[in-house]
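Hi,

Here is the structure I promised to pass on. Have a look at it first, and then read on for what turned up.

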Amino acid sequence: MSVTNLAPWLTTVGAGTIDRDFPAEVVLGDGRRLSGVSLYSGAPLKGQMYELIYPGKSGVLVDSLCMENSLDPNVVKGKIVVCDRGSSPRVAKGMVVKKAGGVGMILANGVSNGEGLVGDAHLLPTCALGADEGDVIKAYISSSENPTATIDFKGTVLGIKPAPVLASFSARGPNGLNPEILKPDLIAPGVNILAAWTDAVGPSGLDSDMRKSEFNIMSGTSMACPHVSGAAALLKSAHPNWSPAAIRSAMLTTATLVDNKNQSMMDQATGKDSTPYDFGAGHLNLGLAMDPGLVYDITDNDYVNFLCGIGYGPKLIQVITRSPPNCPARKPLPENLNYPSFVALFPVSSRGLSRKTFIRTVTNVGAANSVYRVRVESQAKGVRVRVRPSQLVFSEAVKKRSFVVTVTADTRNLVMGQSGAVFGSLSWTDGKHVVRSPIVVTQIEAL
């Protein structure tokens, strides 16, 4: 649970990889080759082998992390240094190694970063390795009397498979503030993205970096979010009358769930399949979002009712709305906000059959005379999803239709996955469009 920016009127974006990479290999003295990444573009090592050291063998944390002034030049000079990732910027570790006279650096992930790799414009020959490869190289140093290595840089490689893969640094759900709302909403390209760059600082971002470039390769949800912002702007241009909620709905209900190998998107951190807690509705697909068929729209008053439902008082709501709110006499249920996802929360204490009901309204933005039929996908044992009506008929006169979703869980037979939830989906289709919404079923401690 690391996702932030949880308000339902925000579109919360995670990051995925693209099918372009910047591979590099660490070649060990015993012939083994360890795959990593690097954006280093200076003079190569040309296959020359150098002595390999790991300062972390001393057991001192600052040494293993290659923090400022932690390395002894008498020990490091002329060698390739293995540094652990964390506590200081990745490129700053390289500068510490360079100042101490090192000829290269190998940046090893820890358990928290897993196999997630990010390319950086290092100032000395550097290769970043995942946690598993990092353990391999440390074991080699410990077991060899004369450990040596070199780094082989491969440049730019296109057509990488699988892609997209959920970035290891991308924030994960569930929503810790209002678990009825699934966050993040979706993911978009956010790893090794070509981005504009200022000439006021070098591509590493370090003051000592005198290189100049108009572009840089950047990674982060800060790269993924502009992709979604640009997509939203294009959708608004194509559909000027759509609300922000309609635009978000179009992106979410058409999002992609599979990679370029037509398999479930993988989590870079674990190497296992990712879930809606990781990618929300899926990966942005702007081509499909232009013509979503149906949208789940939300008005300002719907958001006010949501705030009333989660316990915000009129005075506090007025700080946001700038006008006195009218909270309904009967407290609205937060799960009935017209969001394009369904999160069924059941108390841990419940025994036997429990039900959760959702009310949703969809607006037809496609062909006027359309018929949509429902399709529910759920492989979860102990969960049954029922939708009424199972068919929505639209015409010139009828643009909106409502439906009710009932999720029934047999808590005696409910088996949660590693994420603490089970997942499924609900789709409306007219033969051309597929309007898909994720379903999450989980248990929570009652307050």
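Predicted model: local features only at pLDDT ≥ 70, side-chain atom pairs only at ≥ 80, totals over all residues.

Leaving out anything up to four places away in sequence, Ser425 touches Arg375, Val376, Glu377, Arg436, Ser437, Pro438 and Ile439.

Strand β21 also contributes to an aromatic pair, one of seven in the structure. Phe403 is in strand β20 (residues 400-410) and Trp428 in β21, so the pair ties together parts 25 residues apart in sequence. Phe403 counts as buried at 1% relative accessibility, and Trp428 is buried too, at 0%. Ring pairs bring in Tyr296 as well, linking it with Phe403 and Trp428 into a cluster.

Another of the seven aromatic pairs joins Trp9 and Tyr303: the ring centres are 5.7 Å apart and the planes stand at 85 degrees, so this one is edge-to-face. Trp9 belongs to the segment before β1 (13-16) and Tyr303 to helix α9, so parts 294 residues apart in sequence are tied together. Trp9 is partly exposed, with a relative accessible area of 40%, while Tyr303 counts as buried at 12%.

Helix α9 itself (residues 300-309) has seven of its 10 residues buried, so the rest of the structure largely encloses it. Those buried residues pack against α6 (244-253) and α10 (314-321). Just after the helix, Gly311 takes a positive phi of about 100 degrees.

Lys79 lies in the loop between α2 (73-76) and β6 (80-84). Lys79 is buried yet has no salt bridge, and the nearest side chain of opposite charge, Glu51, is 4.0 Å away. The Lys79 side chain does reach the backbone oxygen of Val75, at 2.9 Å. Beyond its neighbours within four places in sequence, its contacts are Glu51, Ile53, Gly102, Val103 and Gly104.

Last, a strand pair. Strand β17 (residues 370-378) and β19 run antiparallel, paired over four bridges, and Tyr372 stands opposite Leu392 in β19. In a regular strand, side chains alternate between the two faces of the sheet.

Cheers

Definitions and conventions:
Residues numbered from 1 in each chain as written. Heavy atoms only, no water. Contact = heavy atoms within 4.5 Å. Pairing = 2+ DSSP bridges. Helix = DSSP H or I, 4+ residues; strand = E, 2+ residues; numbered from the N terminus. Buried < 20%, exposed > 50% of the residue type's maximum accessible area, 1.4 Å probe, protein only. Lys, Arg positive; Asp, Glu negative; His and termini not counted. Polar contact = N/O pair within 3.5 Å; in protein donor to acceptor, adjacent residues only side chain to side chain. Phe/Tyr/Trp six-rings, centres within 6.5 Å; stacked < 30°, edge-to-face > 60°.
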